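Here's a quick briefing for anyone meeting this structure for the first time. Have a look at the sequence and the model, then read on.

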Amino acid sequence: MRIIRDSSRRVLRRHALRLMAAASLAGIMVATNGAPASAGDSDRHAGGGWTGGKDKPRVILMHDPELDDQNTLVRYLLYSNEFDTEGLVYSSSGVHWAGDGKGTLWFVPGREYTRFGLNLCPCTSWRWKPGERFIDDAVDIYAQVYPNLRQHAAGYPSPKELRSKIYTGNIEFDGDISKDTPGSNLVRKSLLDDRPGPVYLLTGAGQSTIARALKSIKDEYQDTPKWPAIYEKVSQKALIQSFGDQDGTYASYIGQNWPDIEFRQMATSIWGYGARNAVLPPDAKYLSAEWTKANVSDVGPFGSFYRVWGDGKQMVPGDIFDHFGFSGLTTEQLRAMGYVVWTPPREKGSWISEGDTSIFMNLLDNGLRGYVDASYGGWGGRGGSDIDPNGVSSSTYAASRWFGLVQQDFAARMRWTVTSRYAKANHAPTAKVAGQLDRTVSRGQTVLLAGLTSDPDRDKVTSTWWQYTDADTYPGAVAINQISRDQHQNTVKIRVPDDAAPGQTIHLILQATDDGSPALTSYQRVVLTVRN
Ligand SMILES: [Ca+2]
Ligand SMILES: [Ca+2]
Ligand SMILES: [Ca+2]
């Protein structure tokens, strides 16, 4: 597929040259380095985060055997061509832990086993099936669909490579960081090796495996002369993106001992069990049985593996908290059977949850550059609130605003898994901007933004420029003046407002959507920073 990628780059360059010629004819100065800036060669924000280049973000993914982690893993594997996967790690949390197999009892106050009138622990394990292998199962399915996937995009890791990255972390007990494990050793080794950072520690479960790795590093070095350098290196290199603090080890260990490690809180509602309360009305169809069946459940082996309401499955046989596989039963009937029904039964075949997907979505190479800083935002949400269509400031909207387009992208990739023919599936368009993506500008300056769009399937592309007012620090809106637009390019001009203060930013996003099925969307964000 390198051929496709290279040819699309050639097409882009051709458009860039054509555009520059047109612009110079029109007497407009185009600030450009002569070729469209791609995500691969842009000069990114210097922070703790990934700075692009040829390397992919280096990630260690951690999951417990909750059904939503299984679903998140399906989506992750479909996008695994965009990651350097260092580890897929079985992890524990407050709601799933394996026990040590020796009958040791464990109890943490306030957990679910003490709620709902229950009094079920101390226990020897909690909601963890002996021999649990859902990560291995997911990679086995990946092996089945890999020959198809690689026809649609470059960079998918081989199944053998992925299998070699599966580790077991600190799964024995909820929040237990008393022992090194293969998973914590992997985290430790990755943070200490000579490769530059960051190492993204992505967890949809607890953080005990991360905490143990950090504790192990501290225990070894804190009384040695190397400690200040090790502390600095690890603090710079580790970047945690977590859904919550699901075993309390961030609060009890990481935050206290390693306060300089960047922690991005990725908890969102739109991906989770509460998605129906978060979804925008026009996107509600993406949670329905009809859409899910056609685009996910009926699509190949990953479709069968993906958990939906009433699918007859249970992660741990007999788990009284997992009634999701039943269909046709009311809350009362499920309760009479002994189930704890904390969310009411939904339409058979419809969305349950993919709760942890936000932990990796901002690292995708979709042009939004959500990885640069937590405040940037992207498909995984934003570290901040966005003003929703009703004028309400909402952190939920910061994630839900993208959901419909993201589901379309998911549907396209699910389709990739079942056909080896490139032409039988859709592929995202390309959205690029001539010149630098990060520019320093002066008040009153006119800035020309020359967008370039193309599509690997030769679909028609429509595009628009918009200001991400929630993500930028300039408090107002800028006028975006259209200069020209067709399916290959979209050029606008903006004037940096006179009331913009030095250091304030203006985020402008080129958004391009193709007319394939399902319609797919790509972006390119440009960040203007007002000069001192
Ligand atoms: Ca989870
Ligand atoms: Ca396309
Ligand atoms: Ca703003």
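## First look

Buried residues make up 46% of the chain's 532 residues; buried means that 20 or more other C-beta atoms lie within 10 Å of a residue's own, exposed means 12 or fewer, partly exposed is in between, and C-beta atoms are placed from the backbone. What you're looking at is a predicted model, where local features need pLDDT of at least 70, side-chain atom pairs count only at pLDDT 80 or more, and totals for chains, interfaces and linings use all residues. Residues are numbered from 1 along each chain as its sequence is written, while chains are lettered from A and ligands numbered from 1 in the order in which they are written.

**Confidence and make-up**

- The chain's mean pLDDT (the predictor's confidence in each residue, from 0 to 100) is 91, and 90% of its residues reach 70 or more.
- Residues 1–47 have pLDDT below 50, and this stretch has 72 contacts in the model beyond near neighbours in sequence; a contact means C-beta atoms, placed from the backbone, within 7 Å.
- Where pLDDT is low, the predicted coordinates should not be read in detail.
- You'll find 15 helices and 17 strands in the chain; these are DSSP runs (helices H or I, at least four residues; strands E, at least two), numbered from the N terminus.
- Take the contacts between residues at least 6 apart in sequence: 73% of them join residues at least 24 apart.

**The nonpolar core**

- The largest nonpolar core holds 126 residues, and Ile60, Leu201 and Leu202 touch the most other members; such a core is a set of buried Ala, Val, Leu, Ile, Met, Phe, Trp, Tyr and Cys residues joined through C-beta atoms within 7 Å.
- Domain 1 (2–49 + 429–530) and domain 2 (58–265) each supply at least three residues to this core, with bounds from an automatic or database domain assignment.
- Beyond four places in sequence, Leu201 has contacts that include Ile60, Val187 and Ile240.

- Six strands make an open sheet with parallel pairing, in the order 4-3-2-5-6-7; two strands pair if DSSP finds at least two bridges between them.
- Strand 4 (166–168) and strand 7 (262–265) are the edges, each pairing on one side only.
- Strand 5 (residues 199–203) and strand 6 (residues 238–242) pair in the parallel sense over five bridges, and Leu202 stands opposite Gln241 in strand 6.

**Around strand 17**

- Nine of the ten residues in strand 17 (residues 521–530) are buried.
- Strand 16 (residues 505–514) pairs with strand 17 in the antiparallel sense over nine bridges, and the two form a hairpin with six residues between them.
- Thr513 has Thr521 in strand 17 as its bridge partner.
- Strand 11 (residues 438–441) pairs with strand 17 in the parallel sense over four bridges, with Thr529 as the bridge partner of Thr440.

- Thr453 sits in strand 12 (residues 446–454), and it counts as buried because it has 27 C-beta neighbours inside 10 Å.
- Among the residues Thr453 touches, leaving out those up to four places away in sequence, are Pro429, Val461 and Ala512.
- Asp455 lies in the loop between strand 12 and strand 13 (461–467); it has 24 C-beta neighbours inside 10 Å, so it counts as buried too.
- Pro429, Val461 and Asp514 are in contact with Asp455, leaving aside its neighbours within four places in sequence.

Conventions. Two residues are in contact if their C-beta atoms, placed from the backbone, lie within 7 Å.
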